[in-house]
Amino acid sequence: MGTMTNGSSFKLEPNPKIKKPEKPLLVVVLDGWGEMEDDEYNAISRADTPCMDSMKKGKPDHWMLLKAHGTAVGLPSDDDMGNSEVGHNALGSGQVVDQGARLVDRALESGELFDWDGWKHITPAATKGTLHLIGLLSDGGVHSRYDQLKLLFDGAAERGVKRIRVHTLTDGRDCEDGTSIPLMETLCKDLQALGEKGVDARVASGGGRMCTTMDRYESDWNVVKRGYYAHVLGEADNRFKDPVEALKVLKKPKNGKPVSDQWVPAFVITDDDWQPNGAVQDGDAVVIFNFRADRVVELSKALEYKNFDKFDRKQWPDIKFAGMMQYDGELKLPKEYLVPPPQISHTTGEYLAKNGVSTFACSESQKIGHVTFFWNGNRAAPFDKKLETFHEVPSDQNIPFNEKPAMQSAKITKLAIEALKSGKYQQVRINFPNPDMVGHTGDLDATIEACTTVDACVKKLIEAVEEVKGTYLITADHGNAEDMVQRDKKTKKALMEGGKPRMLTSHTLNPVPIAIGGPGLPKEARFRADLKEPGLANVGPTIVNLLGFQSPSNLVESLLA
Ligand SMILES: O=C(O)[C@H](O)COP(=O)(O)O
Ligand SMILES: [Mn+2]
Ligand SMILES: [Mn+2]
């Protein structure tokens, strides 16, 4: 909307059509709330969602669909499902940037990765000692992707690395539960092939990503402790000589309940003498091969920081450590990394803070970083502490979220209403994790309950916006809850196994809704119908417009006519 201002300075020009609102703008991200036609496995259409349903009546001026996957959010191709990292990057930056998956693909395919400083940093240790590769064994492309891991260890072997140990976190969240076993079989076969070339390459440890290593936002350091003990110290209750057998045994139902790949207990692989085959020693090299930051920041701290007090490390080997990417640009963590991260600057958050807009951003532990760090372009700290308040509500710990689908939505709602009524904030931004976090458990009934709960929270928030005469913008970052089952690619019919549907725990390729409204929304404000492929990146400039400014030229276009 309106002419673009010069993108280099941060000054925003007033918006000729929408004057600076006196009342707050509420921005709500419903994490994992995609849009798909009704179906028995669509947890959103089967939930009781009168509030979100009623917003559809605003179509097309105040309700539309946005692309939230693939190239619209900087991923390699439109076969890539969206995710929170790239989704909140796009939402908050108002730009489409090449994301980690794509940058790593390019660096590995060209071989450039092995010429860059990060690889040079680890090479002496990798060739003299052991190269340890730690990360998510997955073909989901959200945190990592198997073909990248293979290119990494094959490339290392070609460059003189003689001993490789892979420490695998099993997924079942971004790819179907159970795929850990065929993926592990593939990994063992590919490492075997290196063996035939004289490289001693084996799996050394592992565990389910939700209970081993891949915690985020410091929700539960015990998750990281279990992983550190298994990967670095070679300590775990479960010891096996073969990783495939380890998974088959550890995935056997426990107390009658199936064991998801996400929750496989930590294990260590041993030599014939039952000694761990790959604990990390002084002089070794360690690479975390996940390209996505949030769930490997904590392990990076445990590996890199001399002063560390989150758990007793027992030993802290003297290693050469690098991340696949740098996971926190402000902390410069890790110092060394194989592929430079996406450079995201001049985000809407920075523009708004530098033009005096006050913001309250809130979610619970599981998503606080999404609505602050990722939203602000992979930057943890506020741009201006005086103007931006980040409030985290502690999430439940160490439980599958289908056991408590309401999560902390009530507390987030209460805090957002207080912020709206406080008169202290021009923008209140929240994320409800429920549709996504419960969707990832694959529990249809619990996800229906989660969506019903979130809809009731949105209703309360809309009432508060009406009371303060404010404006609202409700959207999502990618799909998840709207499709809870694996489907035949052609017929779209649910895939069944043993008479039961094969549940889908991952995100989807579906679009997401965006709705605007409230007494503060100017009458003439409406969505334009001429945007070729409206996507998440168009939301940032729309927020800038709704806050009374023209959108700067480095951002993509606003959704407002
Ligand atoms: O990290 C996770 O929980 C999933 O792999 C991706 O989910 P998110 O992108 O919604 O965080
Ligand atoms: Mn998400
Ligand atoms: Mn998710």
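How many nonpolar, polar and charged residues does the shell around ligand 1 have? The structure is a predicted model, in which local features need pLDDT of at least 70, side-chain atom pairs count only at pLDDT 80 or more, and totals for chains, interfaces and linings use all residues. Residues are numbered from 1 along each chain as its sequence is written, ligands are numbered from 1 in the order in which they are written, and side-chain values use heavy atoms, without hydrogens and water.

Ligand 1 is surrounded by 17 residues (a heavy atom within 4 Å), and Ser84, His143, Arg216, Arg292 and Arg295 are the closest. The shell has 1 nonpolar, 7 polar and 9 charged residues; Asp, Glu, Lys and Arg count as charged. Because domain 1 (24-98 + 344-487 + 495-552) and domain 2 (101-323) both give residues to the shell, ligand 1 lies between them; the bounds come from an automatic or database domain assignment.

The protein covers 100% of the 300 Å² of accessible area of ligand 1 on its own (Shrake-Rupley method, 1.4 Å probe).

The manganese ion (ligand 3) is 4.4 Å from the manganese ion (ligand 2).

Note on methods
Donors = N, O, S within 2.8 Å, 3.2 Å for Na, K, Ca; no water.
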